[in-house]
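Work through the exercises below with the sequence and the structure open. Try each task before reading its solution.

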Amino acid sequence: MVSLADLFGYAFLVPLLMVLSFVIVGLAGTRLKRFEWGGWLAVGFAGAALVVGVLIAAAELMDPSRYTNVQFTWFHLPAAPGVFPNGFSLVAGTLVDPISALMLLVVTVVGFLVMLYSIGYMHHDHGLPRYYAELSLFLAAMSGLVIANNLFEFFLFWELVGVCSYFLIGFYYEKPSASSAAKEAFLVTRVGDVMFLLGIFIYFYYYATTGPSGGWAANGFVFVRGTTPFLAGAMGGQSTVLTVAGIMILGGAAGKSAQFPLHVWLPDAMEGPTTVSALIHAATMVAAGVYLLAVTSLFIGFTSTDQLAIVAVGGFTTFFAATMAVVHPDIKRVIAYSTISQLGYMVLAVGAGFAMVGLFHLFTHAFFKALLFLAAGSVIHAVGTQDLFKMGGLRKSMRVTAAAFAIGGLALAGIPPFAGFWSKDDVLSAVYSQLPSHPAYWPFFVLAVAAVFLTAYYIFRAWFLAFSGDKPRDPTLPHAHEGPWVMQVPLVVLSAFAVGAGLFIFWPNFQGLLLHGAGAAGIPPVYGPADLALSATSVFLGVAGIGLAWALWGHGKVFVLADSSPVQPLRRLLLNRYYFKVGFDWIGAKGVYTVARAADFVDRFVIDGTVHGFERMFAELSDRLRRIQTGVVSDYAAYVVAGLIAVFVLLLFVAPYLVAKFGGG
Amino acid sequence: MSGLPIVGFVGLSAALLAVGIFGILTRRNFILLLIAIEIAMNAGILNFVYFAAYTGGTAGLTGQAIAVVLVGFAATEVAVGLAIVLALNRLRGSINVAEATELRR
Amino acid sequence: MDVASFAGPFLPEILLLAGTLLVFLLDVVRVRRNEVVGAVTVLGMALALLFVLADLGFAPIAGLATISSGGIDTVPSGTPLYAVTSLGLVFQAIFLLAGLLVALASLSRPSRERGAPIFFGLLSLATLGMLLVAIASDLIFLLLSIEITSIATYLLVAYTRRDARSMEAAMKMYIIGALSTTLSFFGASLLYGAYGTTNLYAIRAVAGTGGYPVLVLLGYGFLIVGLAFKATLVPFHAWAVDVYDGAPTDVTAFLAGGSKKVGLFAFFLVFLGPVLLARTAPSGGPFTNGAVALGPVLQVTLSVLAVVTMTVGNVLALLQKEMKRMLAYSSISQAGYMLIGVAIGTAPALAGATLQMFAHVFMKGAAFLLVAGVAAWGVGPLIEDWRGLGTRRPLTAVAFALMLLSLAGVPLTIGFVSKFVLFSAAVQAQGYFVWLAVAGLLNSALSVFYYARVLKVIFFEAPAPRSEPLGVVAGASEPEVLPAGGFGYGRATAIALAVIVIVAVGVYPQPVLGAIQAAAQQFVSLGP
Amino acid sequence: MTLPILSLTILTLLVGTVATFLAGSRARWVALATSAVFLGEIALIFLGFSGWPGYNGALVPGFSESESYVWIHLSWMRINYTVGVDGISLVLILLTGILQVATVIYSWGESKRPAAYFGLLLLTCLGSFGVFVALDILLFFLFWEAVLVPMFFLIGFWGGPQRRYAALKFFIYTHVASIVMLVGLLALVFYSGSSSFDFSSVYAGARSLSAVPQTFLFLALFFGFGVKFPMVPFHTWLPDAHVEAPTGGSVLLAGLLLKLGGYGLIRWAVEVLPSGLHTAQPILFFVAFLSIVWGSVLSLSQRDLKRLVAYSSINHMGIVLLAIALDSSLGLIAAVLLMFAHGIVSGLLFMSSGSVHHTFGSRDIASIGGITPTTPALSTLIMTGSLASLGLPALISFPAEFTALLATWNGLSYWVFLPLAILVVTAAFYLWMMQRLLFGTPRGIPAGAHDIPWYEGAGMGILVAFTVLFGILPGLLVNVIVSSPIHGWPGP
Amino acid sequence: MILEELAFLALAVVALATALLALLVRELVHTILWIAVFFVDLSAIYFLLEAPFLGVLQLGVYAGAVTVLLLFGIMVTRKRIFSREATTGIGAVPLALALVTFIFVIASVGEFSAGATVHAYDPTYLSQNLFNVNGPWLLLLGLIMLGAVGGAIYLVREGRE
């Protein structure tokens, strides 16, 4: 009898299928014109991966307490005295547990849908084999990351998804802005990666001897199923170096998940195709940072200082990103800021100690945010611009899209019963439950709650600008129409998820998944009266935000702020993204590059100059000495006699002195 | 037979050597140079004779024998020098050594 | 005492003497064909070399040996003037090889030249003088033997009678040489005055036990200067550059490859005793520090001279534009390396220095011979004029490159092995001698500059269009072709021989090095 | 019956080199055949390494395969022809084989004196192989210098416009360094009271020296090997040599020559002078950090693609030095891995720089750009090389850099942040280079430019294959490195 | 005793003076004159030192042969026999060098005790020594002369062609 659980060992099939897709499409894509340049092939593989992913998730849902680890040794160093008394192993393997199953479900579902959507959306672009190959590789790396069973392997895929993101952002590489954005994305996340790496090192070092089974190092730092994180068990809580490690992990997560202050790259990453934004920069890759924090908090644990830092970053980013979304005219960037903001919620939840709550929000957010992006993509596909102020009235010609966007917006705004409500409410109430014991969380909690209002406002501002009214504000726009079925099906499916994903929480098996994933820590708090009040507040704020948006932008209105308005400087500040990008560019272009030029000068003229100086010195010396070769034999005789006297002086005075002083021989 | 003044003899040979060196350094006429070399050479020969006289025995005889050989050698050297003088004079029309500076630097 | 047993040990010298006399006799009977007299000379030298090698015990010809190995390497009793040591035999071999190379190459000179008997006669006479130096055990014998070589080489330099340059060179060499000779004999007289003997072994014995007066220091000072002339140490080198430049290039090859080593071997003979043995304190005097032994003082002095010599030689070579003068300066700096061996005075160091001299015959001597051959093609005296030789005459260029690389001490060449052994010995001696090794190695690094520059010109630069080779009308044919014909068989043989030795000994030095090491070991262990 | 496989390999390369020199227009085939045989022999060595019967492994303790013959025996110096391999050398030998075959194929179209060109390439590889197997100081030095000469000619004859200057500079820098190194090696022999130049006796003798002489010896050796690394501030020969060298020369220069320094430091200084390393550690750290920072920052300001890659080599070799200086087994493993990785990756990058030059007549990334539509294959290869060089996982540099940095953390704790931060700069200059050269609107592209010829692609393809293979399975290399006894690695 | 010392003193002064004069006079012929006197004076010193054979040899070889040779050289190279040497002054540096050398040598004299005995030798023993024990010296001298004669004649002979 084959049971679903037998599938757990085959989780590696998901990345493997996508690698196959990458290889086949990458090598043969140019000859597969009939299959949409390999696109259909990629969809097929993604479908197969979806099947595996769904089956695994289903199996895990059936029995949420399972942890299935399969691994092989990557490389092994024999025991040596010092840090690794039991040897040192790096392993690669798959770990199917509640949270990875959950993530796998998200990745395969959204991945498949986006792949399908791309068939229609990307149809007119060049370089499709590259696109599908890279997208396949991304899915491979992302699913690999999700089921990685140790930090090292995690980091490996983490980097790979970053590179895929780099390539896909720079898909339109002829556009300077695209290649620049790709570079920026890579570099900023690289900063985070570097910190992440240091975090890994610290963990490896500190758990080399103290981890389970005689040293974590010996059997490869595998995330071991357990009820308590290592930090609590092995190291007994607080220590400076572990705090540093936690901060480093936070840095890594902040880079990937675009949290303050490493958030600058994500809006610019919108230079890539919208499908890429939907998959990578909304649903999956950017969520990897949150996933990392969750995994770390579950398996390793954070110190309380770390937790405060995480809460601070998450809470602040929530509000900070939302403010920038408020004024932006670009439909994709509005959603991008919204992504940053929503990721902030997740980080906040993980930081407050509720990893599973964060993951739950991640789960719902993946669907409704992908939905929003795909809907936006549909719009862009139709009208060829991303400028909200040029659009208008699209509701009439694009009903499916308008509805999908609205559903996504409602989910995002946290209006019940849409998915976002349940998860966001969980986040807020989870943090709220910690406030009595951690009063330092208060300001960030308040920011997060305030962000709810802004969220509702900006997403409906976008909706009204794009869809309400009679006709586009820019008459030169082409006549809008819905995309082909391949674009509509994902919208519908995702809409369904956006409506219903939050309701999963009432399914006992799903709850079991969250409970078991969390182990002993991070169980969502039980609802009480205070939570109801909180829910009401957040719903009220959401509705208020929508109302304000309707008031200002409804029916195709355009709200124009007077030039003399006192909030005008604030608007400029927000439009310029708090001048962060300018600052980063200045550091990069002016600061570092100037230093580099100076170093180049030193290299050429000081170091090489010294060498040439020696050369000139010898040449000069040679020239001087050459002049004693006068050609007059009497002079030569004089040298001989002078030499004779010199030898006398040497023999009679200098040499005896030296010998007496230093000893001979 | 008692000794002649020791300082005197070594002094004389040293002085002759110095005169010879002085001549070699300052004179420009090849023949004068030859003469200067001979003066210096004679200083050495004088040394041998002098030290032979004060050493005595077989070793002393050796000194005188050296002196005899050196006298012959010095004469031969002058002969070779003169051959070069003549050849040089033929080629350059001058035996001023300071003028022969084609080879330099 | 029958003739054989008397003449036996000196068979090489006698053979060479016979050759010399025969050549002069040929002149008298007006047989002046270059090939004939040359062949006689080559034959004489080759036979002499054969017996020297046999005496050294080289396996295939050891049966020819005229000296039983027991007959050498013991301190001669009494005060004889000559004693055959195995190191002396090694040096005889070196000298004969140098003479042989030059004689072989000179076979290729124009056969109608009238002075051939004089040239070859003087050449073998000079070589004979060198052989005699190698067996000297008496200061006067040594100096007189050197003078044989000196007089012969003065005349060799002046040998092209109608060339004002070579006559000027002869004049300079003569004057400085005569001055140095004078100083040497003066020094010898002071040593004689101090010790009452001129026998080197006797001096060694006395100096080893009896302390030294200032007179001895002065005597050694004079001798250093006198011998430094031959060995071209700085600052007694100034003549050498002009003479190497002005002399007929084959003679230069002999001067650099052969007669220069005479001075250095004389350093071995004269200074090794004091350096090795005289470590007793002096008897006091106006200038000396009362507690210092003779040996270390001489070591320091010679070390300083060695370092100064190699450094100045190299620095001066850096900017030289003329090929011969560059090689001359390089030759001067090489003398500095060789002197290190004396200054250190251990058997390994002596072996290293000896191998260096052996190598120098084939590197520098052959290089000058090659330069002479190339000059005969109409290539000018400047290094610039050698542009493009690598493409025009690749074989010649490669041979020359090998010699230069060997001089620079690039591995798998004999020059590397010799420097390696020498500097190893310096490090092995420890103390401040390690700094000698460092100085020597840095100098050899400095020397790479000018060797590499020459290689660059030869291999990387396009041939000069203006230096039309002889016999080719400008523009009439492609200017890259030099006149047909090579060096001639003799010169080519000599150069090929040198190249073979450079590479063969560079790859597998054990036979040569082993013999030299054994000889040096025995030489050092001589003594009371 | 023992098979003298190492000597046989040297002989093969020697014969192949000579044959190539004489082969005229067929030189490239001879060179390819030699490379193929060489690879086969490397495979045999690998077999022998894992216990293939018939290898005389026990001759030199600690070396799996070794041969020894008398060379020069004097009373005071005993020099043998001794060769042997252990894990470290084996990895680098593999690198030699890979680079040789890749370079030969890449250079298939060389038209300027091909016989001499291929002959010199093979000679360089021969020298490198010799350095990696030599277990006698003289033999080691000999091969060491033997690498210098062909490289001098490769730069000086086939190089760019400034080739003479660059060749001379290269020769003199490295020669001076080898001199200091030689003094150090000689002193190693004689100060340790040994008359034998063999590794094993020097090893035994030198380790028993006290700390002070060990330190002096170590510093001398470090300088000698360090210039080859190259360590800042003795690095300026490298950019010039690379910029002027022909592509094949650049590849071997970066891929093999720099490794000689690292290998020499490990084999002849770190292993035999533990106390010396211990005392000199601060100096090494300083130099390593300086090189890391300097190389990376300077790469950022370069316009010439080759110069950029050359400076990045300085940066990477700085990490190697850092890993070696850590004095831990993990660090040494990381260093060897890094050297292997850098050899492959920098080879790839230099080949692609060469192809850029061949295709567009310039390597100035400020004046040509947007080449991807014209040359997609080349563009992909450049991207692969750059990403590998900046440490992308699943490519070979990643496990190496990861191990190195982990070892750095273990040894130096928070100091690791410096090389980590420099990783960002490294990423920055590669990304910026790609942005300017590969992406954006095409500019400065000559008419008629077309994608690279098959042989250049094949040469780089080989390297890409190994980049991926060992990137995914670094354990293959690590197992080799750790499988032989590790000489006196004390651990941190 | 005193007489001998006085004689030596006188001879030494004459030797020095003639040597200097030979080098400093402007007429070359006068130079030959002075150098002849110098050689004769040295020969006298040899007699004083009980070395009569050397004294005679000095007279014959130096005062006779060498002087004539030099005179011959002057005659050949100068058109007028009484030509003047275009001398170039004395020069401070050469003078200093010569003086310093002198001082160094004279300083070594302090080593010797004054008034050792002067030994006289029978020329018979001298000849035995010269031709027996130290015979090779003469052989070497012969070789030197062989080279000198052969080469010098070759050099000079060209002049007559």
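Of the 161 residues of chain E, 37% count as buried; a residue is buried if 20 or more other C-beta atoms, placed from the backbone, lie within 10 Å of its own, exposed if 12 or fewer, and partly exposed in between. This is a predicted model, in which local features need pLDDT of at least 70, side-chain atom pairs count only at pLDDT 80 or more, and totals for chains, interfaces and linings use all residues. Residues are numbered from 1 along each chain as its sequence is written, while chains are lettered from A and ligands numbered from 1 in the order in which they are written.

**Exercise 1. Chain E**

Task: How many helices and strands are there in chain E, and in what order do the elements run?

Solution. Step 1: apply the rule that helices (H or I, at least four residues) and strands (E, at least two) are DSSP runs, numbered from the N terminus. Step 2: count them; chain E has six helices and zero strands. Step 3: read from the N terminus, which gives α-α-α-α-α-α. Step 4: look at the contacts, where two residues are in contact if their C-beta atoms, placed from the backbone, lie within 7 Å. Among contacts in chain E between residues at least 6 apart in sequence, 56% join residues at least 24 apart.

**Exercise 2. Confidence**

Task: Which element of chain E has the lowest mean pLDDT, and which the highest?

Solution. Step 1: recall that pLDDT is the predictor's confidence in each residue, from 0 to 100. Step 2: take the chain as a whole; the mean pLDDT of chain E is 81, and 84% of its residues reach 70 or more. Step 3: go through the elements of chain E; helix α5 (residues 123-133) has the lowest mean, 80, and helix α2 (residues 28-48) the highest, 90. Where pLDDT is low, the predicted coordinates should not be read in detail.

**Exercise 3. Contacts between chains**

Solution. Step 1: eight pairs of chains touch, and the most contacts are between chains B and E. Step 2: this contact takes 64 residues from chain B and 70 residues from chain E. Step 3: on the side of chain B, α1 (6-26), α2 (30-55) and α3 (57-92) each supply at least two residues. Of these, α3(B) gives the most, with 24 residues. Step 4: sort the side of chain B by class, where Ala, Val, Leu, Ile, Met, Phe, Trp, Tyr, Cys and Pro count as nonpolar, Asp, Glu, Lys and Arg as charged, and the others, Gly among them, as polar. That side has 45 nonpolar, 15 polar and four charged residues.

Step 1: do likewise for chains D and C, whose contact takes 26 residues from chain D and 29 residues from chain C. β1 (65-73), α5 (137-158) and α6 (163-191) of chain D each supply at least two residues of the side that touches chain C. The largest share, twelve residues, comes from α6(D). By class, the side of chain D has 21 nonpolar, three polar and two charged residues.

Step 2: note pairs that do not touch. The nearest C-alpha atoms of chain B and chain D are 25 Å apart, and those of chain D and chain E are 37 Å apart.

**Exercise 4. Two helices of chain A**

Task: At what angle do the axes of α3(A) and α4(A) cross?

Solution. Step 1: axes are lines fitted to C-alpha atoms, for helices over the stretch in contact, and angles run from 0 to 180 degrees between N-to-C directions. Step 2: the axes of α3 (residues 98-121) and α4 (residues 128-147) of chain A come within 9 Å and cross at roughly 170°. Step 3: α3(A) is therefore roughly antiparallel to α4(A), since angles under 35 degrees count as roughly parallel, over 145 as roughly antiparallel, 65 to 115 as roughly perpendicular and the rest as oblique. Step 4: the contact of α3(A) with α4(A) has nine nonpolar, four polar and no charged residues.

**Exercise 5. Backbone details**

Task: Where in chain C is the residue Leu412(C), and is Leu412(C) buried, exposed or partly exposed?

Solution. Step 1: Leu412(C) is in the loop between α16 (394-408) and α17 (414-429) of chain C. Step 2: Leu412(C) has 19 C-beta neighbours inside 10 Å, so Leu412(C) counts as partly exposed. Step 3: the phi of Leu412(C) is near 70°, a positive value in a residue other than glycine.
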